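The sequence and the structure are shown first.

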Amino acid sequence: MWGIMRQRAACKAYHALNLEQGIRAIALRAFSSSAKQMTVRDALNSALDEEMSADPKVFIMGEEVGEYQGAYKISKGLLDKYGPERVVDTPITEAGFAGIGVGAAYYGLRPVIEFMTFNFSMQAIDHIINSAAKSNYMSAGQISVPIVFRGPNGAAAGVGAQHSQCYAAWYGAIPGLKVLAPYSSEDARGLLKAAIRDPDPVVFLENELLYGESFPISDEVLDSSFSLPIGKAKIEREGKDVTITAFSKMVGYALQAADILAKEGINAEVINLRTIRPLDRSTINSSVRKTNRLVTVEEGFPQHGVGAEICATVVEDSFEYLDAPVERIAGADVPMPYAANLERMAVPQVEDIVRAAKRACYRSR
Amino acid sequence: MALHFSKYLKQKMGYLGMINLRSWSCCFYQKQPYLSRRFESFKADKQLGSLHNGGDPQVMNFPGGIVKFTPELKFLSDTPEERIHCYRVLDDSGQPVSSNFVQIDKDIAVKMYKDMVTLQTMDTIFYDAQRQGRISFYVTAIGEEAINIGSAAALGMDDLVFPQYREAGVLLWRGFTLQDFANQCFGNKGDNGKGRQMPAHYGSNKHNYITIASTVATQIPHAVGAAYSLKMDGREACTITYFGDGGTSTGDFHAGLNFAAVMEAPVILFCRNNGWAISTPVSDQFRSDGIVVRGQAYGVRSIRVDGNDALAVFTAVHVARKMAISECRPVLIEALTYRAGHHSTSDDSSKYRPIEEIEWWRATQDPVARFRKWLEGQGWWTTPSEIELRDHARREVLHAIQVAETVEKPSLKEIFTDVYDVPPSNLCDQEKSLRKTVERHPQDYPHFLF
């Protein structure tokens with residue numbers, strides 16, 4: 001499967017493999033409908049591969065990205081293809097290699113820095129914010145920092161408090177940064193490509209549990225020139241009764257909630273934010289002006305969260321259109337516990353979203 | 001046999017006070033052939049055993065390389081008997097005491113001296129300007145003129161400079177004018193930094209001088225990353241980064257040195273060890289023999305130089321640069337000096353160090369005076385030249401301040417530019433909104449212009 005994607009994305013002149021390609025294509029058609037499937041992991045890997053192929057200035061740096069093929073295999077095969085100068089295994093110092101990456105970006109390279117999880121980015125947060133985000137402004141446009149900081153963000157499964165925090169709200173507050181949060185494979189490919197090509201520093205928040213999930217993917221998305229616009233949210237599901245905003249893994253939960261709500265006669269509109277900063281205020285507000293009700297969903301801590309910002313945005317721009325108070329679904333206000341039952345209660349579940357939507361529609365308390 | 005050995009150890013260790021190291025090591029030595037034989041014997045693959053130590057029981061090929069064993073129980077000393085020696089070319093009276101230095105011609109030497117005097121003059125007058133309330137803040141490099149100019153003169157214009165904040169002289173050498181310095185300190189429309197930063201936070205792409213940030217030692221890994229990029233580009237240039245004794249305590253110093261060595265980056269790591277980090281003396285900052293010994297710990301070639309000797313600094317940087325570029329390696333230079341001024345205008349160092357100490361260094365160890373003596377000894381400088389230079393520098397600096405003071409502040413639109421490459425819609429909206437507000441309430445915004 002991955003071989004085919006690489007095939008399409010890279011050189012086309014593999015005559016010897018055409019037969020194999022043909023057989024695989026037939027096999028695929030035999031198993032599924034005409035839609036191709038791709039995991040988020042493969043989407044990210046192919047995006048990295050294509051961007052590195054297209055621009056020799058792009059290089060990857062992080063712990064275990066080379067020989068180990070990536071802690072989550074996102075950089076699989078890239079060391080073999082591009083060599084150790086462009087796929088750099090680093091010593092254990094996030095502050096160090098984030099600083100090194102920023103220096104390379106000051107010079108003119110385009111680094112993609114991987115944090116094994118964004119929890120570890122806290123070690124490097126000074127470089128991300130003070131050395132990357134603010135540099136263009138502080139230098140009056142003399143220093144641009146075309147760097148991407150990427151890695152898994154938010155809760156995984158059973159990894160406890162120091163491996164489960166969501167950083168969307170923290171980085172989303174910083175002028176000078178762009179913050180992206182893909183959900184599907186199309187999001188992953190399009191947004192990562194956009195991030196790498198962008199002249200500004202980008203924080204790219206992935207999700208470990210989504211890496212293995214497969215999504216249908218079109219030919220247009222598979223093209224190496226594909227990219228998605230930064231700052232544009234996507235209406236995943238149109239509706240007219242209540243707007244549900246979400247990003248990353250919670251988009252999947254929101255869609256499930258919408259299916260459940262549909263059976264009860266509530267037609268929910270689900271917005272996949274895709275970009276946390278700059279927030280697509282116009283899409284969110286247009287939706288709320290249509291539905292008059294809003295539920296925000298996020299995995300992170302509730303105070304000063306993304307939902308709080310969306311709520312303020314809607315109150316500022318569309319107050320008269322609201323028919324009910326804004327409902328905010330977020331992670332529990334506790335460090336993430338480990339035991340499976342406790343963890344389940346600390347992260348939003350589909351039923352939480354369903355209940356919130358019903359409350360917004362005055363169907364229940 | 002192993003049981004006996006450990007019992008033996010216990011017995012010996014129990015009488016710590018009586019341990020005769022030699023007798024202990026003799027015992028150890030006796031045991032050793034047994035141990036290594038035992039080690040070899042349970043290797044299934046004889047070849048593997050020979051790969052690991054070549055059949056030699058005195059060494060082992062551990063991860064990281066071959067290491068010789070020793071029966072001596074010897075700890076490396078925490079304090080050396082003698083501190084690492086300090087390279088110096090000129091003595092206190094400007095007489096060469098070394099024949100081992102890079103010769104510089106008259107033009108370069110005179111420019112060096114002129115820039116050292118200009119830097120000293122600029123620092124003195126700008127400091128006073130802050131005291132008078134004309135600028136809000138300033139940092140001087142008093143006592144470190146030789147470090148600033150000596151190092152700058154040995155670099156090429158293609159070498160990328162990553163300063164901390166006490167290296168304005170490097171920018172001066174490269175062509176930043178007194179007016180440019182004054183404009184930045186006043187944050188006016190002429191400031192190429194568009195009034196974005198505190199005074200003395202200079203930066204200029206044109207001069208390959210990366211904009212100064214207040215964060216301490218962050219420039220070290222930046223310099224290494226940029227050096228790595230230079231290497232990938234195959235350029236005949238290096239990067240240089242400056243930091244103080246205090247900056248070497250940070251995590252970034254450690255990561256920067258370590259990475260520079262591992263990545264074989266062409267970077268000069270220049271430490272200005274001036275004895276003080278604000279009020280923290282070096283004795284409270286670290287217990288190593290300064291910074292030079294740390295280079296070896298990271299596998300980085302290093303040297304200690306007299307930071308008040310412009311020729312020594314010049315030579316060290318000149319040679320380090322060659323090594324960095326041709327051998328693709330980092331080089332650490334520790335320049336010993338003294339911070340003769342206060343940390344900044346927010347500091348009064350007489351509160352934590354004796355005034356006599358400050359006076360002594362200023363009077364007897366002035367790097368500018370020492371270089372002048374050498375210059376005069378060469379027949380390249382005279383007293384009339386001195387008077388003329390000092391007078392000229394003073395007038396130029398005062399003029400720059402007077403002009404900078406009258407130039408208007410940057411346009412209000414510069415609040416919103418350069419946050420991103422392309423201004424986002426929310427900032428565009430906010431700018432429109434601000435324009436309307438200023439228009440509507442001009443009395444609240446006198447002199448605030450778009």
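## Largest pocket

The lining of the largest pocket is made up of 11 nonpolar, 9 polar and 8 charged residues. The model is a predicted one, and the volume computed for this pocket is about 840 Å³. Its lining comprises 28 residues, of which Pro278(A), Leu279(A), Asp280(A), Arg281(A) and Asn426(B) are the closest to the pocket centre.

Elements of chain A and chain B contribute to this lining. At least two residues each come from α8 (168-172), β12 (275-277), α12 (281-291) and α13 (306-318) of chain A, and from α16 (425-440) of chain B. The greatest contribution is that of α13(A), which supplies 5 residues.

## Second largest pocket

The second largest pocket has a volume of about 350 Å³. It is lined by 22 residues, and those closest to its centre are Gln120(B), Thr121(B), Thr124(B), Ile142(B) and Arg362(B). Two or more lining residues are given by each of α4 (106-131), α13 (355-364) and α15 (383-406) of chain B.

Which element provides the largest share of the lining of the second largest pocket? That element is α4(B), with 6 residues. By class, the lining of this pocket holds 9 nonpolar, 7 polar and 6 charged residues.

## Cavities

Across the whole structure, the search identifies 9 cavities of 30 Å³ or more. The largest cavity has a volume of about 150 Å³. Among the 17 residues that line the largest cavity, Tyr106(A), Ile210(B), Thr211(B), Ile212(B) and Ala213(B) are the closest to its centre.

Helices of chain A and chain B take part in this lining: α6 (125-133) and α7 (135-138) of chain A, together with α8 (219-233) of chain B, each supply at least two residues.

## The parallel sheet of chain B

In chain B, 5 strands form an open sheet with parallel pairing, in the order β3-β4-β5-β9-β8. Its edge strands are β3 (160-162) and β8 of chain B, each of which pairs on one side only. From one strand to the next, the twist averages 20°.

At one edge of the sheet, β3(B) is joined in the parallel sense to strand β4 (residues 239-244) of chain B by 3 bridges. Within this pairing, Phe162(B) stands opposite Thr241(B) in β4(B).

Strand β8 (residues 301-306) of chain B runs parallel to strand β9 (residues 331-336) of chain B, and 6 bridges join the two. In this pair, Arg301(B) is placed opposite Val331(B) in β9(B).

## Domains of chain B

The domain assignment divides chain B into domain 1 (106-406) and domain 2 (412-444). Taken over C-alpha atoms, the centres of domain 1 and domain 2 of chain B are separated by 37 Å.

Definitions and conventions:
Residues are numbered from 1 along each chain as its sequence is written. Chains are lettered from A and ligands numbered from 1 in the order in which they are written. This is a predicted model: local features need pLDDT of at least 70, side-chain atom pairs count only at pLDDT 80 or more; totals for chains, interfaces and linings use all residues. Side-chain values use heavy atoms; hydrogens and water are left out. Two strands pair if DSSP finds at least two bridges between them. Helices (H or I, at least four residues) and strands (E, at least two) are DSSP runs, numbered from the N terminus. Domain bounds come from an automatic or database domain assignment. On a 1 Å grid over the protein atoms alone, a cavity is a set of points where a 1.4 Å probe fits but cannot get out, and a pocket is an open set with protein on both sides within 12 Å along at least five of seven lines; lining residues have an atom within 4 Å of a point. Grid points are joined across faces, edges and corners, and a volume is the space filled by probe spheres set on the points. Axes are lines fitted to C-alpha atoms, for helices over the stretch in contact, and angles run from 0 to 180 degrees between N-to-C directions. Ala, Val, Leu, Ile, Met, Phe, Trp, Tyr, Cys and Pro count as nonpolar, Asp, Glu, Lys and Arg as charged, and the others, Gly among them, as polar.
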